[in-house]
Amino acid sequence: MAASPFLVLDGAVPAETLDLGVAGHYGNPIVEQRRLERGEAIVDLSDRGLVVVTGPDRRSWLHSMASQAVERIAPGESAEALLLDASGRIEHAVHLVDDGESTWLIVEGDEAAPLAAWLDRMRFMLRVEVADRSDEFAVIAAMSQAALDAAAPAAAPAGVALDWTDPWASPPPGAHQYAEQAGHPASAWHWIERIVPRAALADAAAAVSAGRVAVAGSLAAEALRIAAWRPRLATEVDEKTIPHELDWLRSAVDLGKGCYKGQETVAKVLNLGRPPRRLVLLHLDGSDTVLPAPGDEVVGEKVRPEPEPGAAPERRTVGRITSSAMHHELGPIALAVVKRAVPGDLPLIVLSHGIEVAAAQVEIVPADAGAAVDVPRLPRLGVRKP
C-alpha cells in the first residue's frame, strides 16, 4: 500500500508499534481522544485490509463457515463474524457489510492476503469469487456519521454506501454476554468504519487541512476502544483464544445458527463449562508514568493458608497485558487476559520496564462465570444416598 496522505498533515507522528502505516497521533493524543469521542474527528485506518466476496452463493457460503448468521443480511447492514479452527480457537475476525452484489470484509492489514487465499481454497464448486482489494480501497473511521460525511463519501459501487457500524454497543439477536449489561461502557462506543476508494484518502486529508473535520490518531482510537472493553484480533487474540474469554459472544457469535467449524467448542464452553481465561480491564497506578507493553506479565500474590511470620508473599504469573493506553478521563488503563481462577478482587501487579505497576482489575468476563445450563450431577457408582 502507498503511504497514507494523513502522514503529511501537520503534527503527524507515525505509529510506532501496532498500527504501522498510519499516524499514532497529531501532536496531542488526549485532545484527539476528546474530539473523537464527541464525534468531531476521523481516524485514518488505511492500514486495514479489504477482502471482497462476489457471486450469488456468497452469503450462504460465508454463513456456513462463520460464527455469525450472515445468510440473510440485507444490503447496507453490518455484522461481525469470527472464523474458528476445529477446537474453537479464533483464526480470523471480520467486519462485514453487504451491498447487494458483494460482501466486503474489513480485516487487520496483515490478515487480508492469508484470509483471501484461505477463502479461495474453500470455494469448491460454489458460485463465488474472492479478491483482496486492499490496494484499491481504504478505511476511515469515526464516532459519528457527520464526521465521516465531512471527510469523504463512502464507496458505493452497487449503489449502497459501504459503512460498517460496530454492533458492540447493541448486541444482535442470538448474542450472549458474560459482562453485566448495567453500566457497560459499550454504550458510549459508536464506532463506524467507512470504506472509501483509496484515492479518496487525499480528499479526506484535505478536509482536515481545510478545517471541515478534525483528525485523531490510532492512539486515541485505541484508548477509547480499551475503555469500551472492545476486543481486537491484533491485540487480544493469541493462538489459544476462544471467543468466550474476550466476551466476544456479545457481538460476533449467533448461538442459534447452524453448524460451523468450532461450534461444538462454543456451545460446550457456554452451556457446560467455563472460559479457561478471562478478559479484564486494569486501572494502573500512574505514579511512575509507565505504560505497560503488550505481553508484559501480570502477577498476583498467592494466598497461603498459614503464612510464616515475616515471610514475603509468594507471587505467580496470572496473565499478560494485551493492550494499554492513557485515557483522557480514566488515566492509564490496559486490557489483560488472566487465568480463570484469579479472584475478581485480587490486587494485581504489572511487571513493565523493570518497574512494578500496581493494578486494580475490573471484571469483564467475571471470575465466577459459569455454565449457562444447569446440568444435574449423577451420583457416583457405589455411593449410597443417606
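This is a predicted model: local features need pLDDT of at least 70, side-chain atom pairs count only at pLDDT 80 or more; totals for chains, interfaces and linings use all residues.
Figure 1. By class, 11 nonpolar, two polar and 10 charged residues line the largest cavity. The lining numbers 23 residues in total. Arg48, His95, Glu108, Glu193 and Arg232 lie nearest the centre of this cavity. Its volume is about 310 Å³. Strand E6 (90-98), strand E7 (102-107) and H6 each contribute at least two lining residues. H6 provides the largest share, four residues. The whole structure holds three cavities of 30 Å³ or more.

**Figure 2. The second largest cavity and its nonpolar lining.**

**Figure 3. The largest pocket and the elements around it.** The volume of the largest pocket is about 660 Å³. Its lining is made by 28 residues. Nearest the pocket centre lie Thr17, Leu18, Leu219, Leu291 and Ser324. Six elements each give at least two lining residues: strand E1 (13-14), strand E2 (23-25), helix H1 (29-37), helix H6 (218-227), helix H7 (233-236) and strand E15 (314-327). E15 gives the most, with five residues. The class count is 15 nonpolar, 10 polar and three charged residues.

**Figure 4. Packing of helix H1 against helix H6.** Two packed helices are described by the angle between their axes and the distance between the axes. Here the axes of H1 and H6 come within 8 Å and cross at roughly 60°. That angle makes H1 oblique to H6. The crossing is right-handed. On the H1 side, the contact is made by Pro29, Glu32, Gln33, Leu36 and Glu37. On the H6 side, the contact residues are Leu219, Ala220, Ala221, Ala223 and Leu224. Together, the contact residues divide into seven nonpolar, one polar and two charged. Leu219 of H6 is part of this contact and is also among the residues nearest the centre of the largest pocket.

**Figure 5. Leu20 in the loop between E1 and E2.** Which residues does Leu20 contact, leaving aside its neighbours within four places in sequence? They are Ala15 and Asp47. The C-alpha atoms of Leu20 and Ser218 are separated by 9.5 Å. Along the chain, Leu20 and Ser218 are 198 residues apart.

Terms used:
Residues are numbered from 1 along each chain as its sequence is written. Side-chain values use heavy atoms; hydrogens and water are left out. On a 1 Å grid over the protein atoms alone, a cavity is a set of points where a 1.4 Å probe fits but cannot get out, and a pocket is an open set with protein on both sides within 12 Å along at least five of seven lines; lining residues have an atom within 4 Å of a point. Grid points are joined across faces, edges and corners, and a volume is the space filled by probe spheres set on the points. Ala, Val, Leu, Ile, Met, Phe, Trp, Tyr, Cys and Pro count as nonpolar, Asp, Glu, Lys and Arg as charged, and the others, Gly among them, as polar. Axes are lines fitted to C-alpha atoms, for helices over the stretch in contact, and angles run from 0 to 180 degrees between N-to-C directions. Angles under 35 degrees count as roughly parallel, over 145 as roughly antiparallel, 65 to 115 as roughly perpendicular and the rest as oblique. A crossing is left-handed if the near helix is turned anticlockwise from the far one by less than a right angle, and right-handed if clockwise. Contact means heavy atoms within 4.5 Å.
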